[in-house]
Amino acid sequence: MASGDHYFSPAPESEVNLRPFTARLAGQTYELVTANGIFSPERIDMGTRVLLDHVPSAPPGGNLLDLGCGWGPLALTLALESPHATVWAVDVNNRALDVVRRNAQKLGLTNVNPVTPDNVPADVQFTTIWSNPPIRVGKNELHGILEQWLPRLEPGSDAWLVVQRNLGSDSLHRWIQATLPELTTTRVGTSKGYRVLRARAHD
């Protein structure tokens with residue numbers, strides 16, 4: 001990446017370099033495209049793999065959210081598993097959103113909406129949220145992101161988050177419990193240095 005480029009930059013400064021790669025999603029191997037200047041551009045990162053190992057099957061319908069989508073492994077999995085649902089792939093990085101759009105097109109998926117956070121209508125509620133949240137944006141920024149999106153779960157629905165243990169998964173768990181009491185937050189798995197948290201909206 002160019003100096004000043006981060007995967008959470010809205011517009012990476014480096015010249016875009018699209019290239020092919022293969023990834024296994026929803027039990028199948030697909031030919032996809034990736035680019036520089038986005039999160040984990042060469043592979044499904046370990047945290048996302050751990051999350052995918054722990055989440056149940058995606059809900060068959062409704063609005064499903066991949067929060068901090070990167071090149072889209074979670075959003076594309078949601079869309080492949082639930083062709084009748086609407087999948088919101090949300091990221092601040094416009095290059096990542098362009099890559100998600102290209103990959104959805106390559107897979108023939110018409111139910112993926114790659115958008116920046118302010119382009120999700122305020123009245124949309126989610127049947128599930130899957131997220132490998134951007135821990136490295138800093139604690140205050142991360143808390144603001146989760147306070148914005150987790151309360152938008154439909155009653156009885158779950159958010160699934162994966163966080164590295166050494167980057168504060170347990171303190172984040174406590175913070176969600178204290179700050180968002182309308183959610184019941186539990187730790188559902190630990191693998192390869194990551195924790196998976198489930199936050200369930202009360203009925």
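1. A quick word on charges before anything else: Lys and Arg count as positive and Asp and Glu as negative, while His and the chain ends are left out. On that basis the protein chain carries 18 positive and 20 negative side chains. The centres of those two sets sit 8 Å apart.

2. Keep in mind that this is a predicted model. The average pLDDT of the protein chain is 91, and 93% of the residues score at least 70. The stretch to be careful with is residues 1-7, where pLDDT stays under 50. The model does give residues 1-7 20 contacts beyond four places in sequence. Still, where pLDDT is low, the predicted coordinates should not be read in detail.

3. On to the fold. You'll find five helices and nine strands in the protein chain. Walking along the sequence, the order is β-β-α-β-α-β-α-β-β-α-β-α-β-β.

4. What about overall size? The C-alpha trace spans about 45 × 40 × 35 Å along its principal axes. Of the 203 residues, 52% count as buried. As for contacts with a separation of 6 or more, 67% of them are between residues 24 or more positions apart. The accessible surface comes to about 9,400 Å², and carbon and sulfur atoms make up 47% of that.

5. Have a look at Gly68, in the loop between strand 3 (63-67) and helix 2 (73-81). Its relative accessibility is 30%, so Gly68 counts as partly exposed. Setting aside neighbours within four places in sequence, Gly68 is in contact with Val90, Asp91 and Asn132. Pro133 is 65 residues away from Gly68 along the chain, yet their C-alpha atoms are separated by 5.9 Å.

6. Now for some backbone angles. Most residues other than glycine have a negative phi. Ser40 is not a glycine, but its phi is positive, at about 45°. Ser40 belongs to the loop between strand 2 (28-35) and helix 1 (46-54). Is Ser40 buried or exposed? Ser40 has a relative accessible area of 15%, and the cut-off for buried is under 20%, so Ser40 is buried.

7. Lys192 also has a positive phi, near 55°, without being a glycine. You can find Lys192 in the loop between strand 8 (183-191) and strand 9 (194-201). Lys192 has a relative accessible area of 59%, and exposed means over 50%, so Lys192 is exposed.

Notes:
Residues are numbered from 1 along each chain as its sequence is written. This is a predicted model: local features need pLDDT of at least 70, side-chain atom pairs count only at pLDDT 80 or more; totals for chains, interfaces and linings use all residues. Side-chain values use heavy atoms; hydrogens and water are left out. Helices (H or I, at least four residues) and strands (E, at least two) are DSSP runs, numbered from the N terminus. Buried means under 20% relative accessible area, exposed over 50%, partly exposed in between (1.4 Å probe, protein chains only). Contact means heavy atoms within 4.5 Å. Accessible areas come from the Shrake-Rupley method with a 1.4 Å probe; for residues, only the protein chains shown count as cover. The place of a charge is taken as NZ of Lys, CZ of Arg, CG of Asp or CD of Glu. pLDDT is the predictor's confidence in each residue, from 0 to 100.
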